[in-house]
Amino acid sequence: MLDTRAHIALTEHYAAHNYHPLPVVLSHGEGAWVTDVEGRRYLDCLAGYSALNFGHGHPRLLARAHAQLDRLTLTSRAFLNDQLGPFAEALARLTGHEMVLPMNTGAEAVETAIKVSRKWGYRVKGVPEDTASIVVMEGNFHGRTTTIVSFSDDKVARDEYGPYTPGFRTVRYGDADALRAAVDDTTVAVLLEPIQGEGGVLIPPDGYLRDVRSVCDEAGALMVADEVQSGLGRTGRTFACEHEDVQPDVYVLGKALGGGLYPVSAIAADHAVLDVITPGSHGSTFGGNPLAAAIGHEVVQMLEEGEFQSRATRSGVLLADGLRPLVGHGLDAVRIRGLWAGLDVSPGGPSGRELCERLLERGILAKDTHGSTIRLAPPLVVTDDEVRMLVDAVTDVLA
Ligand SMILES: *Cc1c(COP(=O)(O)O)cnc(C)c1O
C-alpha cells in the first residue's frame, strides 16, 4: 500500500502537471465525506466543482448505474438505445425546453451551444456565413478547448494556445449597457454564466439576467446560459436563471448531470433552434450512451422532487449566517447563493491557498480560485452540523 508521499511522487512523475492539488490522496467517499489513504476523513466542500451535488455514491444513483452496467453501456448513436429517449424527455421537461442534445463533458456542451448558435444564425437569423459574432463575458469560464480558451481572459488558461478562434466579443459581466452596445446584426448569441463559478462565485446585479434576456430579444440573438456549475440544485433552484424568472434559449448543462459518477452533459433548447442540427453535422461517440442516459435520467428524477433545491436554500442560509460576520475579520467579501459561496480573502493575511491548506488540516477540503478567493460548494446532502463545522473551521483558520 502506497502512502500519501508515495502517491504524490508517482502522480507528479507520471501525470502532467496541469493541476496543483492540495497534498491529500483520497481513496473513498460517502455522502459529503471522503477518506484519504491514511484513513483521515474530510468534509468535501468542493464537491468536484459541483459535479457532486448529490454527494459521493448517492445510493439511488449507484443502484441505477449498477443496474445499467449489467445491462448495456454503449451502443454508439449508430443505433438507438432504450435509455436515451426517456432521459431526453425528462431533461427537456426539467429545462422547460422541447429537446436536448447529449454530450459528455461541459466543454463539449459549450462547444455544441456555440456550433448550434452559429448554424442557427446562418440558417434562421440570416447572418452572412462566417460573420457570426457571439458576445461573452469578462472573467468567463466555459472549459478548456481551443475555441473556448480563445475567448477566455485568463492568461494562464489561454496563453500560447493560439492561433485563436475568432468571432467572440467580450463585455463586462453584469453591465447590461455594455452588452446592449456590443450586439448587432451579426450577433447570434450571448453566452454567459448566470453566476460565475470559477470567477469566484460572482453574482451579477439584480435584474441583470432579465436585462440580458431583453437585449437578446431585441437583437434577435440567442441567450445561452452556461449552467454547468450553477445549475442542478446548487443555488437553491434547479437553474440559477430561475432566480430572475428568466428562460434562456439554450441551457448548457454538465457536471452534476452525471451525478458525480460519470461525465454527462447536454444542451437543451427548442425545435426552432436545435432542428438546425441534422445527421452528421455534429456528434460524439459517447454522447447519449445508455449508461450516461440512465444516470442522467436518475439525476433529473431526483431534481424533479425538489428536495435537493430546498436543502441548498436551507443550508445556504445557515452558511451565510455563519460566514457573513467574518467580513472585516479576514474576509473582504462573502457572496452566497444557495449552498455556494465565494469568500474574498483580505490582502495582507494568508493567501487563499494557505487558508485551504489550513482547512485541510482541520478536515475540510476546499479550493481557492484566482489566488485570493475561496469557493465553498459542499454536497447538497450536508447536515446542519456539518455546515456549522465548516463555518467553525473557516472562522478558526482566519483567526
Ligand atoms: C466546469 C465548467 C465547464 C467545463 O466543464 P468540463 O466538464 O470540465 O469540460 C464549462 N462551464 C462552466 C460554467 C463550468 O463550471
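# A guided tour of the predicted model

Begin by selecting strand S5, residues 133-137, which is mostly covered, since five of its five residues are buried. Keep in mind throughout the tour that what you have open is a predicted model. If you show the side chains of S5, you will find Ser 133, Val 135 and Met 137 pointing one way, while Ile 134 and Val 136 point the other way, and all of them are buried.

In strand S9, residues 250-253, which runs antiparallel to S10 and is joined to S10 by three bridges, the residue opposite Ile 267 is Val 252.

For a separate sheet, select S1, S2, S3 and S13, four strands that form an open sheet in that order with mixed pairing. Its edge strands are S1 (26-30) and S13 (364-365), each of which pairs on one side only. S1 pairs with strand S2, residues 33-36, in the antiparallel sense over four bridges, and if you click on Glu 30 you can look across to its bridge partner in S2, Trp 33.

Now turn to the ligand and show the residues around it, which are Thr 105, Gly 106, Ala 107, Phe 141, His 142, Gly 143, Glu 193, Asp 226, Val 228, Gln 229 and Lys 255. This shell divides into three nonpolar, five polar and three charged residues. At Gln 229, by contrast, look at the side chain, where an N or O atom is 2.7 Å from an oxygen atom of the ligand. Taken alone the ligand exposes 380 Å², and the protein buries 82% of that.

Move on to Asn 53, in the loop between helix H2 (47-50) and helix H3 (59-71). Is Asn 53 buried or exposed? Asn 53 counts as buried because its relative accessible area is 0%, and the cut-off for buried is under 20%. Its side chain is joined to that of Arg 234 by a polar contact of 2.8 Å. Leaving out residues up to four places away in sequence, Asn 53 touches Gly 231, Leu 232, Arg 234, Ala 256, Pro 379, Leu 380 and Val 381.

Arg 234 leads you to the next stop, for this residue is also among the contacts of Ala 377. Ala 377 lies in the loop between strand S15 (373-376) and helix H14 (384-398), and Ala 377 counts as buried because its relative accessibility is 1%. Apart from neighbours within four places in sequence, its contacts include Cys 45, Leu 46, Ala 47, Ser 50, Leu 339 and Trp 340.

Finish with a look at the backbone itself. Most residues other than glycine have a negative phi, and most peptide bonds are trans. Select Gly 162 and Pro 163, where the peptide bond is cis, with omega near 5 degrees; Pro 163 is found in the loop between helix H7 (155-158) and S6. Then select Asp 130, in the loop between helix H5 (106-125) and S5, which has a positive phi of about 70 degrees although it is not a glycine. Asp 130 is exposed, with a relative accessible area of 71%. The last stop is Asp 245, in the loop between strand S8 (222-226) and S9, where phi is near 55 degrees, a positive value in a residue other than glycine. Asp 245 is exposed, with a relative accessible area of 72%.

Key. Residues numbered from 1 in each chain as written. Predicted model: local features only at pLDDT ≥ 70, side-chain atom pairs only at ≥ 80, totals over all residues. Heavy atoms only, no water. Pairing = 2+ DSSP bridges. Helix = DSSP H or I, 4+ residues; strand = E, 2+ residues; numbered from the N terminus. Near = heavy atom within 4 Å. Polar contact = N/O pair within 3.5 Å; in protein donor to acceptor, adjacent residues only side chain to side chain. Areas by Shrake-Rupley, 256 points an atom, 1.4 Å probe, with all protein chains shown as cover. Nonpolar A, V, L, I, M, F, W, Y, C, P; charged D, E, K, R; others polar. Buried < 20%, exposed > 50% of the residue type's maximum accessible area, 1.4 Å probe, protein only. Contact = heavy atoms within 4.5 Å.
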